[in-house]
Amino acid sequence: MALPVRPRTIVAGLAAGSIGAGLLVSRMSRGVDADANAPKPVFGRGPAFVSLPLESSEQVNHDTKRLRFSLPNSTDVSGLTLTSAVLTMSWPQGRWFPVARPYTPISEINENGALELLVKKYPDGKQSTHLHSMKPGDKLLFAAAIRGHQWVPNSVPNVTLIAGGAGITPIFQLAQGILQNPEDKTSVTIVYGVNTNDDCHLTKEMQRFENEFKDRFKIVYTVSQPDEKTTLRKGRVTKELLEEVVPLPKDGETKVFVCGPPAMESSLVGSRKEKGILEQLGYRKDQIHTF
Ligand SMILES: Cc1cc2nc3c(=O)[nH]c(=O)nc-3n(C[C@H](O)[C@H](O)[C@H](O)COP(=O)(O)OP(=O)(O)OC[C@H]3O[C@@H](n4cnc5c(N)ncnc54)[C@H](O)[C@@H]3O)c2cc1C
């Protein structure tokens with residue numbers, strides 16, 4: 001007597017189970033479909049080891065190129081956080097070991113489908129020479145993301161970003177990320193020191209920021225070997241220049257980020273033995289960040 005009941009129970013159980021499983025599968029597949037449309041990050045916390053094709057390469061001055069790489073899908077995003085760099089790898093011909101060098105993307109942090117680098121070529125530079133030799137369609141291996149200082153929106157009312165030469169890339173990435181986040185109201189001042197007028201990069205983008213964020217973005221260029229007719233400031237990034245153009249700690253809470261050649265960074269940030277210009281201006285060590 002118990003036997004006929006058991007199969008019914010089993011059948012009923014299986015039916016209920018399959019309805020449940022059906023619902024679950026349908027929910028899961030809806031989830032998968034939804035996720036399939038969501039932008040996928042290419043870089044996470046661990047290794048990425050993704051090979052990306054070069055989409056375009058543009059010479060922007062005598063030694064620097066803009067290199068645009070396609071992400072695997074047009075909807076993908078880099079997944080990088082502000083102030084991150086990416087570690088690139090190549091195996092130059094005739095060398096025993098691969099070359100690994102970090103570069104800081106200048107594309108918008110949430111841009112779909114592409115990642116853009118601004119790369120200065122150094123004489124005999126292994127990776128920069130390789131990157132400058134790449135043609136559209138050539139692939140470059142991106143090993144991982146390298147996270148920098150964790151930027152917290154609105155953590156201070158204003159930041160000063162000081163760049164020297166090719167050091168503009170992380171400075172630009174941070175400024176762009178702050179200004180394009182509608183939640184972040186931080187004011188940004190960039191001081192950009194270069195050797196010649198021709199070395200000023202990303203000027204169109206900076207001009208756009210100046211027009212769009214008049215009340216909270218300012219950039220001051222200073223050129224150490226300027227053209228005769230230059231309208232830009234002349235000279236290096238000095239204590240006097242900073243005193244004149246940037247918000248100082250005595251006027252309220254602030255932070256300063258510095259990226260440039262070693263000589264410039266040490267004169268601004270100082271060393272264990274000597275105070276740098278920024279400390280002389282009243283910045284505390286915890287307010288000063290390098291990349
Ligand atoms: C976090 C981080 C982010 C970076 N982002 C960028 C970026 O966005 N764009 C960019 O162009 N570079 C960037 N760099 C520098 C880049 O990683 C390489 O160091 C640079 O491209 C030189 O590598 P290379 O293999 O061509 O030169 P190497 O073969 O290492 O060196 C060849 C010659 O160039 C000289 N040289 C190398 N690097 C420098 C330098 N920085 N200043 C002066 N002389 C140098 C060396 O002294 C040597 O004589 C970044 C570096 C770091 C640490």
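Reply: Happy to! Let's start with a term we need: two residues are in contact if their C-beta atoms, placed from the backbone, lie within 7 Å. Keep in mind that this is a predicted model.

With that in hand, look at Ile190. Setting aside the neighbours within four places in sequence, Ile190 is in contact with Leu161, Ala163, Ile171, Ala175 and Ile219. Some of those names come back when we step out to the largest nonpolar core, which has 58 residues. Leu161, Ile171, Ala175 and Ile190 are the ones that touch the most other members of that core. Helix H3, residues 168-179, gives the most to this core, with 6 residues. As a general background idea, nonpolar side chains in soluble globular proteins tend to be buried together.

The protein chain has 291 residues, and 31% of them count as buried. Its fold includes 7 helices and 12 strands. Contacts that reach along the sequence matter for our picture too: among those between residues at least 6 apart in sequence, 71% join residues at least 24 apart.

Elsewhere in the chain, you can find an open sheet of 6 strands, with antiparallel pairing and the order E4-E3-E6-E1-E2-E5. Strand E4 (99-103) and strand E5 (114-120) are the edge strands, each pairing on one side only. From one strand to the next, the twist averages 40°. Helix H2, residues 126-133, packs on this sheet and touches strand E2 (64-70), E3, E4 and E5.

Key:
Residues numbered from 1 in each chain as written. Predicted model: local features only at pLDDT ≥ 70, side-chain atom pairs only at ≥ 80, totals over all residues. Core = buried A, V, L, I, M, F, W, Y, C linked by C-beta atoms within 7 Å. Buried ≥ 20, exposed ≤ 12 C-beta atoms within 10 Å, placed from the backbone. Helix = DSSP H or I, 4+ residues; strand = E, 2+ residues; numbered from the N terminus. Pairing = 2+ DSSP bridges. Axes fitted to C-alpha atoms, helices over the stretch in contact; angles between N-to-C directions.
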